[in-house]
Amino acid sequence: MDFHMTTGQKAFNVLNQIFLIALSIVCILPLIHVLAISLSDKTAASAGDVVLWPVHFTWQSYSYVLGKPEFMRAFWITLERVALGLLVNMFLTILLAYPLSKEVRVFKYRTVYAWYFVLTILFSGGLIPTYMIVNQTHLIDSIWALIIPGAVPVFNVILLLNFFRGLPRELEEAAFVDGAKQWTVLWRLFVPLSTPALATIALFTIVGHWNAWFDGLIYMNKPEHYPLQSYLQTVIIKTDLAMQSARDLDSLSQVSERTSKAAQIFMGALPILLIYPFLQRFFVKGIVLGSVKE
Amino acid sequence: MNKTRVSQLPFHLMLLPGVVLVLVFSYGPMFGIIMSFQQYIPAKGFAGSEWIGLDNFRYVLDMPDTFTVLWNTMYISMMKIAAGLVFPILIALLLNEVRKNVVKRTIQTLIYLPHFLSWIILGGILIDVLSPSSGIVNHFLAIFGIKPIFFLGSNHWFPFTIVLSDLWKEFGFATIVYLAALTSINPVLYEAAIVDGANRWKQTLHVTLPGMAPIIVLLLTLSLGNVLNAGFDQIFNLYSPQVYESGDIIDTMVYRLGLVDAQFGPAAAVGLFKSLVSFVFISVSYLLAYRFANYRIF
């Protein structure tokens with residue numbers, strides 16, 4: 001169809017593509033720059049010689065970071081958190097979405113329950129009362145403090161219940177005619193039929209738990225209980241704390257504060273970058289899923 | 001027919017665990033808001049702490065920075081709402097004009113990425129890149145003879161840095177909704193426009209934009225609920241005492257007041273104020289969206 005275009009349209013197309021490509025490159029330049037710093041030696045990094053390619057390439061920063069017990073411990077806590085959180089969140093999402101997806105004539109109290117959950121989106125007690133509740137339930141300094149308070153992801157429940165409603169009703173009716181119980185229909189019929197929706201929600205959940213940092217910061221009194229992002233918050237962002245460790249660090253190794261921070265930033269982003277191809281495949285679908293309504 | 005035969009019990013049982021968890025961790029804190037009317041002492045709990053009426057609210061109102069904080073919150077959030085609406089629409093329109101699928105998908109892959117990284121990662125990157133002494137942005141500006149700018153440390157620059165870096169994180173992802181809306185426009189409308197002699201620009205103006213109007217209005221309405229959300233995760237990781245004047249927002253103030261200074265009552269009072277205002281805005285926005293766009297969340 002290109003040959004139908006006038007010169008003006010061709011010029012627009014070229015300029016448009018150049019602009020968009022430039023914009024998308026600008027979006028990831030900061031990431032590439034920090035990656036380049038993390039792979040450069042400390043004198044080149046502090047001299048400002050590094051732009052988008054490592055200068056005097058070295059793995060030193062990474063071997064330093066991977067050899068740091070605090071970093072590895074936080075990394076494991078996060079893995080544990082992601083696994084537990086995924087399990088709990090998915091189980092509850094599936095369990096809640098099923099009854100809430102029923103029509104009122106099938107499940108009489110559906111609307112009451114739905115409002116009970118939706119109200120928590122509209123109104124919240126706020127940070128301080130929430131902290132007090134977590135404190136009073138003795139979750140402080142336990143990994144469950146990172147899982148239980150957010151165990152019911154209401155938005156995901158809404159996403160899934162809307163997907164459930166889009167499933168062909170005949171299948172479900174056939175199952176009931178055969179004498180199936182609600183529980184069986186949910187796990188044997190609805191769950192297998194909803195794999196795209198469930199995969200989307202699972203990926204969102206993994207990203208959410210991986211990226212969460214604030215709950216770790218406030219619910220863990222001991223830094224050795226921090227998940228990775230909370231640990232990184234204290235090391236990368238709160239410079240006053242990092243300063244002290246950086247000073248003895250500089251004298252000990254060939255790694256500087258800047259290169260080690262860059263390596264930790266990149267390590268903190270790495271798992272997300274690894275699952276990004278899957279994310280991309282599913283999230284567009286997920287967004288559209290949420291709007292499937294009758 | 002079989003209305004009476006469907007047992008309700010399995011439904012109640014399935015909901016039970018979720019209901020209990022939400023009761024404790026969502027409704028519990030709502031009940032806990034009573035602490036904003038108390039001289040709250042954790043050891044005494046909600047029941048044992050002394051009632052002091054509206055003293056916490058008076059205390060917060062008398063603090064010199066309260067109105068600055070309120071202003072900063074609304075200023076930053078409004079700028080974010082405006083930028084976060086206009087820019088993604090523009091990019092979605094331009095992306096829609098890209099006919100080569102490989103190019104389009106590559107651009108999308110790159111601009112969606114920052115959305116999935118935490119503000120710890122992006123904050124760490126920004127702090128490095130924007131540093132006045134060693135940051136690459138200021139090295140770049142120096143080529144043009146521009147003196148180093150302390151983007152994160154100057155009250156003049158801080159709000160813009162916040163809005164722009166938030167745009168960096170979210171604009172790509174925000175285009176998804178608009179791109180979906182674009183594909184749902186009936187191609188017949190474009191054919192009719194071409195028959196009438198409309199060029200691409202005229203088509204955009206008279207077919208594409210009107211076709212996107214409902215989703216634009218819907219998202220604008222729903223963003224009303226965010227007027228008091230200036231972005232805690234972002235600001236907490238980028239601000240410092242020297243930019244409190246332009247960058248301290250309600251959420252960061254509540255955090256410092258409550259969890260750093262242990263002034264639980266006043267902090268909960270500020271939180272209650274924010275929750276109430278947000279509740280009104282969110283409810284009104286959902287109501288408007290329901291009325292005019294027939295939008296329902298469930």
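A salt bridge is taken here as a side-chain nitrogen of Lys or Arg within 4 Å of a carboxyl oxygen of Asp or Glu. Good morning. The model under discussion is predicted, so local features need pLDDT of at least 70 and side-chain atom pairs count only at pLDDT 80 or more, while totals for chains, interfaces and linings use all residues. Residues are numbered from 1 along each chain as its sequence is written, chains are lettered from A and ligands numbered from 1 in the order in which they are written, and side-chain values use heavy atoms, with hydrogens and water left out.

I begin with the salt bridges. Over all chains, the search of the whole structure returns 11 of them. One of these joins B:D55 to B:R58, with an N to O distance of 2.8 Å. Both residues belong to helix α3 (residues 55-62) of chain B, where, 3 residues apart, they are separated by about one helical turn. Helices here are DSSP runs (H or I, at least four residues), numbered from the N terminus. B:D55 is partly exposed, at a relative accessible area of 39%; with a 1.4 Å probe and protein chains only, buried means under 20%, exposed over 50%, and partly exposed in between.

What does the salt bridge between A:R81 and A:D215 tie together? The N to O distance in this pair is 2.7 Å. A:R81 lies in helix α4 (residues 69-101) of chain A and A:D215 in helix α11 (residues 214-219) of chain A, so the bridge ties together parts 134 residues apart in sequence. A:R81 is buried, with a relative accessible area of 2%, and A:D215 is buried at 17%.

In chain B, the side chains of B:E97 and B:R200 form a salt bridge at 2.5 Å, N to O. Here helix α4 (residues 66-97) supplies B:E97 and helix α10 (residues 200-223) supplies B:R200, so parts 103 residues apart in sequence are tied together. Both B:E97 and B:R200 are buried.

I turn now to the domains of chain B. An automatic or database domain assignment provides the bounds: domain 1 covers 3-53 and domain 2 covers 62-293. Their centres, taken over C-alpha atoms, are separated by 33 Å. The contact (heavy atoms within 4.5 Å) takes 7 residues from domain 1 of chain B and 5 residues from domain 2 of chain B.

How many salt bridges are there between domain 1 and domain 2 of chain B? The count is 0. Thank you.

Methods
Helices (H or I, at least four residues) and strands (E, at least two) are DSSP runs, numbered from the N terminus.
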